[in-house]
Amino acid sequence: MTAVSGLKGSFPLTAEEIDKQIKFVAPGVFTLGNLKDDKYQTLYVGRADKNLKEILKKCLRQTERFKFMLFDDPEDAFKKECELYHLFKPAANRVHPPVPPTRDWRCPECGFKG
Ligand SMILES: [Zn+2]
C-alpha cells in the first residue's frame, strides 16, 4: 500500500535545509522519517500552532529527513496532522495529536477533542 501525505519533501533534517525550505513564520504540519530502499518511511507526525520552523529545529538528529506543509490557520494544521496520524499510525506517535486546552477542535477522523 502506498499512502500519500501531500506534504512537501522529503528534505534532509538539517538547520540549513529548514531555513532554505521554510521562509515564513507560520503554523504547519511535519513528518519525520528515514529512507528505506529509497522510499520515505514516516516515523512521526507533528504540528506547530505558531512557528513550524522553530518546532522542526527542535527535532534535529531524530531522523534523517522531514516533510512539511504550512497553513494559515492552526486548526487546518491540526486536521491535516490528524489525517496523517490515522493514515500512517507512525511508530513514534504514542498518543493522539493533542488539542490545545483553549480550543474546541475535533479530530475529523475519530472525533477526538483532547
Ligand atoms: Zn483522531
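**Stop one: the sheet**

Start with the four strands: they form an open sheet in the order 1-4-2-3, paired in the antiparallel sense. Strands pair here if DSSP finds at least two bridges between them, and the elements themselves are DSSP runs, helices being H or I of at least four residues and strands E of at least two, numbered from the N terminus. Strand 1 and strand 3 sit at the edges with a single partner strand each, so one side of each has no neighbour in the sheet. From one strand to the next, the twist averages 30°; axes are lines fitted to C-alpha atoms (for helices over the stretch in contact), with angles from 0 to 180 degrees between N-to-C directions.

Before you go on, some ground rules. This is a predicted model, in which local features need pLDDT of at least 70 and side-chain atom pairs count only at pLDDT 80 or more, while totals for chains, interfaces and linings use all residues. Residues are numbered from 1 along each chain as its sequence is written.

**Stop two: the strand pairs**

Select strand 2 (28-36) and strand 3 (39-48): nine bridges join this antiparallel pair. Phe30 has Gly46 as its bridge partner in strand 3. On to strand 1 (residues 8-12), joined to strand 4 by four antiparallel bridges, with Gly9 opposite Lys67.

While you're there, zoom in on the peptide bond from Gly9 to Ser10: it is cis, with omega near 15°. For context, most peptide bonds are trans.

**Stop three: the core**

Which residues have the most contacts inside the largest nonpolar core? Select Val29, Phe30, Leu52, Leu56, Phe66 and Phe68, out of 19 residues in that core. A nonpolar core is a set of buried Ala, Val, Leu, Ile, Met, Phe, Trp, Tyr and Cys residues joined through C-beta atoms within 7 Å. Buried takes 20 or more other C-beta atoms within 10 Å of a residue's own, exposed 12 or fewer, and partly exposed is in between, with C-beta atoms placed from the backbone.

Center on Phe66 next. Leaving aside residues up to four places away in sequence, Phe66 touches Gly9, Ser10, Phe11, Leu13, Phe30, Thr31, Leu32 and Leu56. Contact means C-beta atoms, placed from the backbone, within 7 Å.

Then show helix 3 (74-88). Helix 3 lies across strand 2, strand 3 and strand 4, at about 145° to strand 3.

**Stop four: two positive phis**

Most residues other than glycine have a negative phi, so these two deserve a click. Asp37, in the loop between strand 2 and strand 3, has phi near 50° and counts as exposed, with 5 C-beta neighbours inside 10 Å. Lys89 follows helix 3 and has a phi of about 40°; Lys89 is exposed too, with 10 other C-beta atoms within 10 Å.

**Last stop: zoom out**

Color by element and read from the N terminus: β-α-β-β-α-β-α. That makes three helices and four strands. Of the 114 residues, 30% count as buried. Among contacts between residues at least 6 apart in sequence, 69% join residues at least 24 apart. Along the principal axes, the C-alpha atoms fill a box of roughly 35 × 35 × 20 Å.

Conventions. Two residues are in contact if their C-beta atoms, placed from the backbone, lie within 7 Å.
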